[in-house]
Amino acid sequence: MTTPNHAPRPMLTEAQLSRLPSDHPLRTAGTDRSPMIRAMLGDRPEHPPVWFMRQAGRSLPEYRAAREGTNMLESCLTPDLASEITLQPVRRHHVDAAIFFSDIVVPLKVAGLDVDILPGKGPVMGAPFNSMERIAELPEVPDSAFDPIREAVALTVEQLGSTPLIGFAGAPFTVAAYMAEGGSSRDHLGPRTMMYRDPEAWDALAGWVSRVSAQFLSAQIEAGASAIQLFDSWAGSVPERDYREHVMRYSAGVLSAVEPYGVPRIHFGTGTGELLVAMKEAGADVVGVDYRIDLDQASERVGRDTPLQGNIDPALLDAGWGVLQKHTMDVLSKGKAAAAHIVNLGHGVPPGTDPAVLTRLVEFIHES
């Protein structure tokens, strides 16, 4: 299962940068020369760059203090609070990038839909969007609706300096799966059945999510994000044939919409070892790899010209330093098979993680 090597697309060209505001960090703060962005472009900087998915979150006591009395979606849409939470792990851990603090259903909330995030349940819709009649009610969202996002990003990059901010959005399949089911599920039967039972409704739903996700990412890029990640939590529930027929074009639509900006695009999913080639073909400049497949195997699949991101097993963060150190050294070694390697976890930081372990891990990676 391999894909032919080919030259990566041009990124951060003068023509592309001219589309960004004159004060964008890629133009004025030197984020293009940071270890993180250099690695995303296929370079090997002086030390392996590292950031962690969900680094801005429940593992940090300062996060819990900042969020006290404020629900998740309100936190995401309060610019000064979202900015503060985004910055916290950069201050504490000295990671090489910030990830914008948000949630995959924020665009739905911005669009005025009845959605909430409940403790222990995750995103919950007031009613599912599982018929053409319901889907026809979905609104067109004006770009101005994303102004709180732009404000939060601008506040953040003003303090980050040359440390890049990575923009974030949920991929259409995952977001549409929540919408079709009305919440989370273990097997995602609702959207998977809908693809076959009512392909027109699925196309309308996934197409709407694709457009809104593109608006969400564009707002973050224009306000100062130096790279973006499209996160597909549930794509691993579909086989490659279904991914290519019913899912891939909607993710490709999001990634294509932000391509003119020239910023690096990371595409990550969980349980997606068999989908890595298709996820690259959808428009990834960097392919994120979860903890279920080794990086050298992933590099063989997607082509050795492709930078990879990953893939320390989050379970080992609490397994003792000796075990974690040995595993990290193995990940770093196997990451050398790729054109470049951005170190990350193979999923998000578990809520119970000791922050001191992450800080020590960053130091160890930087010294490697």
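Me: At what angle do helix α16 and helix α17 pack?
Reply: This is a predicted model. Helix α16 covers residues 321–335 and helix α17 covers residues 355–367, and their axes are 11 Å apart. The two helices pack at an angle of about 40 degrees.

Me: Is α16 roughly parallel or oblique to α17?
Reply: Angles under 35 degrees count as roughly parallel, and the angle here is about 40 degrees. That value makes α16 oblique to α17.

Me: What is the handedness of the crossing of α16 and α17?
Reply: A crossing counts as right-handed if the near helix is turned clockwise from the far one by less than a right angle. For α16 and α17 the crossing is right-handed.

Me: How many residues of the contact of α16 with α17 are nonpolar?
Reply: From α16 the contact takes in Trp 321, Leu 324, Gln 325, Thr 328 and Met 329. From α17 it takes in Val 357, Arg 360, Leu 361, Phe 364 and Ile 365. Two of the residues are polar and one is charged, and the nonpolar ones number seven.

Me: Which residues does Thr 359 contact, leaving aside its neighbours within four places in sequence?
Reply: Thr 359 is found in helix α17. Its relative accessible area is 16%, so Thr 359 is buried. With those neighbours left aside, its contacts are Arg 92 and His 93.

Me: How are the rings of Phe 146 and Phe 216 arranged as a pair?
Reply: The structure holds seven aromatic pairs. In the pair of Phe 146 and Phe 216, the ring centres are 6.1 Å apart. Planes under 30 degrees apart would count as stacked and over 60 as edge-to-face. The planes here are at 35 degrees, so the pair is tilted.

Me: How many residues apart in sequence are the parts that Phe 146 and Phe 216 tie together?
Reply: Both Phe 146 and Phe 216 are buried. Phe 146 lies in the loop between α8 and α9, whereas Phe 216 lies in helix α12. The pair therefore ties together parts whose separation in sequence is 70 residues.

Me: At what angle are the ring planes of Phe 168 and Phe 231?
Reply: Phe 168 is in strand β4 and Phe 231 in strand β5, 63 residues apart. The ring centres are 6.4 Å apart, and the pair is tilted because its planes are at 55 degrees.

Me: Which residues form one aromatic cluster with Phe 268?
Reply: Phe 168 is buried, with a relative accessible area of 12%. Phe 231 is also buried, at 8%. The residues that form one aromatic cluster with Phe 268 are Phe 168 and Phe 231.

Technical notes: Residues numbered from 1 in each chain as written. Predicted model: local features only at pLDDT ≥ 70, side-chain atom pairs only at ≥ 80, totals over all residues. Heavy atoms only, no water. Axes fitted to C-alpha atoms, helices over the stretch in contact; angles between N-to-C directions. Helix = DSSP H or I, 4+ residues; strand = E, 2+ residues; numbered from the N terminus. Parallel < 35°, antiparallel > 145°, perpendicular 65-115°, else oblique. Contact = heavy atoms within 4.5 Å. Nonpolar A, V, L, I, M, F, W, Y, C, P; charged D, E, K, R; others polar. Phe/Tyr/Trp six-rings, centres within 6.5 Å; stacked < 30°, edge-to-face > 60°. Buried < 20%, exposed > 50% of the residue type's maximum accessible area, 1.4 Å probe, protein only.
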